[in-house]
Amino acid sequence: MRLTRMIRLAACVLVGVVLLSGASSAATLKALIVDGQNNHNWKGTTPLIKDILVGTGLYEVEVATAPARGKPMDDFAPEWSKYKVIVSNYNGANWPEATRKAFVEYMANGGGLVIIHAADNSFGKWTEYNEMIGLGGWGGRNEKSGPWVYMKDGKWIRDESKGSGGAHGRQTPYVVTTREPGHPVMKGLPAGWLHCADELYCRLRGPAKNMTVLASSFSDKKTGGSGREEPVLMAIDYGKGRVFHTVLGHGPAQHKCVGFIVTLQRGTEWAATGKVTQTAVPSDFPTADKASLREKDLGKDPKAGAKADAGAAGATAGPIDFAAMAGYKAGETRVAFTNCEEQLRGCSPAKLAKIEAGLLKVLQDPKATFDAKQYVCRLLRRCGSDASVPVLASMLADEKLAHMARYALTHLPGEKAGAALRDNLAAAKGGMLASAIDSVARRGDRKAVGAIAKIAAGADQALASAAIAALGRIAGPEATKTLAGLKPAKANVRVWADAYLKAADSLAAAGQTDQAKPIYQHMYTSGPEAMSRVAGLGGLARLGGDQAVPILLGALKDVNLDIQRAAGKFMMAMPGEAASKALAGSLDGLSPSAQMLVISALTSRGHKSVAPAIVKYASAGDESVRVAAIGALGRLGDAGCVGALAKQLAVGGETASTVRASLTGLADKAAGSAMVKLLSSDLPAASKAQLIEVLIARREVGAMNAFLTAAADTDGGIARAAIKAVGILGGDGEMPKLIAMLLAEADGGKRNELAQAINSIAARSENSDAVGAMVIAAIAKADAAARPSLVSVLPRIGGDKALAVARQQLKSSDAETRKAAIRALSDWPSAAPADDLLAIAKTGSGAEAILAIRGCVTLLGKRDNPEPAKAVAKLAEAMKLAKRTEEKRAILGVLQNVPCEQALKLAESFATDEALARESTLAANKIRAAMKNPRRGGRRKR
């Protein structure tokens with residue numbers, strides 16, 4: 001978020017807008033969407049939420065985007081009281097304490113809050129927030145957070161059992177069941193309607209105080225759910241405030257579901273006002289067996305409520321019934337109005353004038369209802385001309401109608417409308433005057449500056465505040481001059497600062513930088529608070545280019561941490577490579593904390609030309625600076641930085657891990673060659689081993705010769721890393737060299753590492769016959785020490801020849817070779833060696849017999865065994881041969897993988913064996929389940 005926007009959210013004054021009784025007027029509800037952090041796609045969903053709300057005509061929507069995860073949150077302070085309702089699309093770091101405190105006060109005093117999906121994951125330890133949302137998930141929530149709430153036998157259960165809060169199964173369509181049909185949010189909606197494929201949150205926990213569950217859905221265990229009827233739409237009272245909580249809406253696709261759209265529109269209005277005027281059920285609302293999606297204009301019924309208005313089919317093609325309009329009351333059919341709206345689209349100027357005349361007659365009709373006049377003003381906003389001005393202006397003295405008349409006039413083109421609103425400034429009083437000020441400000445009417453200036457200098461602080469804010473919005477030379485000369489009351493200093501900055505922004509946008517710059521300079525040096533100083537600094541940074549570098553560097557030395565952090569942010573946004581070079585050239589004279597901020601800014605700016613200036617800081621004494629510089633070189637550096645970075649591998653800790661990440665990420669293709677050269681340098685052995693790990697991560701296949709050389713190094717760490725590299729990156733061509741090294745190696749540990757590398761290459765070889773021939777030939781000439789390692793490779797080769805060699809090794813006079821052969825057969829890709837292993841189990845003794853039984857169980861218990869009955873017969877034989885309880889339990893454990901009647905019988909036969917009874921019962925139950933549902937059971941359906 002741009003810092004100037006953040007300031008405006010924190011500093012703008014609430015202009016006195018009083019909601020009229022009865023139906024909510026168009027765009028009278030100010031809503032704020034909060035986003036910026038979420039484990040869900042908030043960048044994709046926030047625009048859709050805004051579209052959904054704006055489409056009703058009820059809301060004026062702003063967005064407050066918090067700093068990204070890991071960034072300072074100190075200056076995130078929306079002025080909650082400006083808004084009738086806050087819509088949370090946020091799941092992230094805690095807000096500052098002052099922001100949280102202000103939010104609690106806002107809600108307790110009657111604020112509105114809407115919680116969408118993952119927003120109920122946020123702030124698990126914030127007591128007041130948990131009370132606001134009723135139920136929440138994840139975020140460390142458990143039984144101490146409150147009960148699970150779900151429906152059982154038609155009653156809501158508060159389950160106090162121990163367990164974590166928050167879960168969901170796979171995304172799937174589910175029916176939403178209305179539980180409170182009389183609630184304003186749910187009134188008129190179907191008893192059940194199908195929501196599109198979405199996450200269904202379950203096992204939510206929380207205080208659940210003053211909570212009404214408006215709708216629920218069944219969380220099916222088949223899709224990974226709880227098997228319970230779970231709340232999905234909730235209404236919660238908190239103090240004088242209201243909260244609408246929906247668990248629907250995982251991502252953009254789910255926000256297009258009409259059920260989500262309608263309940264969000266209604267729930268937001270209820271949270272804002274305690275009422276719902278959007279009573280018509282849209283024509284495309286989902287049914288119990290069919291979901292419904294909108295692809296555009298999400299907030300609007302594509303047929304303008306025709307389904308709800310009986311007999312309205314085709315009404316948009318007929319004449320407009322102005323008489324019907326005049327008698328309209330909120331909640332009744334709106335056919336006449338929707339018909340008018342349809343005809344306003346693309347009609348000729350002549351027809352537009354006729355519609356306007358008809359609407360004006362309704363306004364002047366003494367029998368017309370208040371609700372009708374409200375709606376007509378809304379339509380005149382779209383089609384009104386100078387002809388509408390006298391009628392609308394005459395309504396400005398009526399406290400009930402003034403707001404909507406002013407709303408229409410504000411958007412009418414032409415000087416007459418502007419003059420009427422200016423005249424109203426002299427006539428209006430109190431809250432009506434505050435609204436009048438807001439209207440001329442929205443028009444940007446510079447002719448009104450003189451009148452507003454008098455109010456801004458007046459004694460009424462509330463009106464002065466509104467006038468000061470209006471001057472900032474109007475901007476221009478006269479308004480700016482007025483603001484410069486104002487001496488606001490203490491209560492309005494923040495509003496004045498924000499308005500003055502807005503005026504400066506307007507001047508800068510118009511190219512009048514010479515007039516804007518002194519304002520920014522004044523606010524930076526003499527602003528009334530840190531946030532206005534920050535905004536002034538930001539303006540100077542935007543205007544100054546590389547010439548602003550000295551100012552920003554000076555700000556890094558400011559005693560105020562907010563100023564320091566802001567300077568770092570503004571450095572990131574300054575245009576041009578020249579600014580980057582100027583920043584890099586200033587590093588020597590800065591404190592470590594300032595150096596770190598500048599290096600971070602240079603990293604974000606991305607100009608590679610500054611890398612040479614950063615290199616020396618990769619060995620800085622201050623660890624934070626060192627790590628920042630090393631991280632920067634990973635993005636900005638090239639092969640020339642490799643040596644300086646590699647030297648820091650020996651430092652260890654965070655420094656070394658950052659070096660590895662940076663070396664891995666260097667985009668310069670020559671960087672790999674530079675690292676390879678260092679393997680033959682005087683770099684410490686531990687650093688060389690880490691460098692090899694980096695080369696593996698970079699997939700530097702061209703380093704193979706260096707790896708093979710390093711594999712023979714006397715340092716064990718280097719040799720191990722190099723052998724691992726050959727195994728991961730090598731191919732068939734490296735196989736002869738690895739085999740030769742294994743045959744000559746005296747160290748058992750290193751032989752095993754070489755065998756692992758050979759295994760890795762053999763497993764991905766496309767010429768298994770040739771690789772197999774090499775391994776088989778090596779086994780024939782290997783001594784007793786090397787042979788077991790080579791035998792372990794045979795399962796990766798597979799095939800009859802390799803199997804024959806493995807079987808042959810069972811007859812070896814060397815015990816370790818025999819054990820290696822048993823392990824190889826146990827790891828075979830098919831069950832072919834099962835009989836061989838059974839034979840050893842019968843005739844062998846000690847460790848070999850135990851290994852053979854375990855291997856036999858492993859082979860026969862594979863889930864893709866094509867002949868389960870035969871496998872079970874052999875497992876039964878193994879069970880008889882098994883002498884230890886461990887092997888018997890292992891056999892029972894794999895029976896579920898070969899489900900059949902024989903397996904069930906074998907499992908049940910041990911039900912009375914005290915040592916195996918538990919495993920017997922578990923196995924039998926799983927076998928029965930698998931036999932009933934082969935797809936979900938042990939054996940895959942072939």
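Visitor: Which residues form the aromatic cluster?
Guide: Phe76, Trp80, Tyr90, Trp95, Phe103, Tyr106, Phe123, Trp126 and Tyr129 form one cluster. Rings of Phe, Tyr and Trp (its six-membered ring) pair if their centres lie within 6.5 Å; planes under 30 degrees apart are stacked, over 60 edge-to-face, and the rest tilted. This is a predicted model: local features need pLDDT of at least 70, side-chain atom pairs count only at pLDDT 80 or more, and totals for chains, interfaces and linings use all residues. Residues are numbered from 1 along each chain as its sequence is written, and side-chain values use heavy atoms, with hydrogens and water left out.

Visitor: How many aromatic pairs does the structure hold?
Guide: The structure holds 19 aromatic pairs. In one of them, the ring centres of Phe123 and Trp126 are 5.1 Å apart and the planes stand at 70°, so that pair is edge-to-face.

Visitor: And Tyr328 with Phe337, why is that pair edge-to-face?
Guide: The planes of Tyr328 and Phe337 are at 75°, with ring centres 5.1 Å apart, so the pair counts as edge-to-face.

Visitor: Are Tyr328 and Phe337 buried or exposed?
Guide: Both Tyr328 and Phe337 are buried, where buried means under 20% relative accessible area, exposed over 50%, and partly exposed in between (1.4 Å probe, protein chains only). Phe123 and Trp126 are buried too.

Visitor: Which residue lies over the face of Trp148?
Guide: Arg205 does, at 4.1 Å from the ring centre. A charge sits over a ring if NZ of Lys or CZ of Arg is within 6 Å of the ring centre and within 35 degrees of the ring normal. Arg378 lies over the face of Tyr375, at 5.0 Å from the ring centre.

Visitor: Switching to cavities. How many of 30 Å³ or more?
Guide: There are 3. On a 1 Å grid over the protein atoms alone, a cavity is a set of points where a 1.4 Å probe fits but cannot get out, and lining residues have an atom within 4 Å of a point. Grid points are joined across faces, edges and corners, and a volume is the space filled by probe spheres set on the points.

Visitor: What lines the largest cavity?
Guide: The largest cavity holds about 50 Å³ of space. Its lining includes Asn38, Trp42, Ile116, His117 and His255. By class there are 3 nonpolar, 9 polar and no charged residues; Ala, Val, Leu, Ile, Met, Phe, Trp, Tyr, Cys and Pro count as nonpolar, Asp, Glu, Lys and Arg as charged, and the others, Gly among them, as polar.

Visitor: What is phi of His117, and where does the residue sit?
Guide: Phi of His117 is near 45°, a positive value in a residue other than glycine. His117 is in the loop between strand S4 (112-116) and H4; helices (H or I, at least four residues) and strands (E, at least two) are DSSP runs, numbered from the N terminus. At 1% relative accessibility, His117 is buried.

Visitor: Asn210, buried or exposed?
Guide: Asn210 is exposed, with a relative accessible area of 57%. Its phi is positive, about 50°, although it is not a glycine.

Visitor: What does the side chain of Thr655 contact?
Guide: It makes a polar contact of 2.9 Å with the side chain of Arg626. A polar contact is a pair of N or O atoms within 3.5 Å; within protein, one must be able to donate a hydrogen and the other to accept it, and residues adjacent in sequence count only if both atoms are side-chain atoms. Thr655 lies in helix H28 (residues 653-665).

Key:
1 Å grid on protein atoms, 1.4 Å probe; cavity = no way out; pocket = protein on both sides within 12 Å on 5 of 7 lines; lining within 4 Å.
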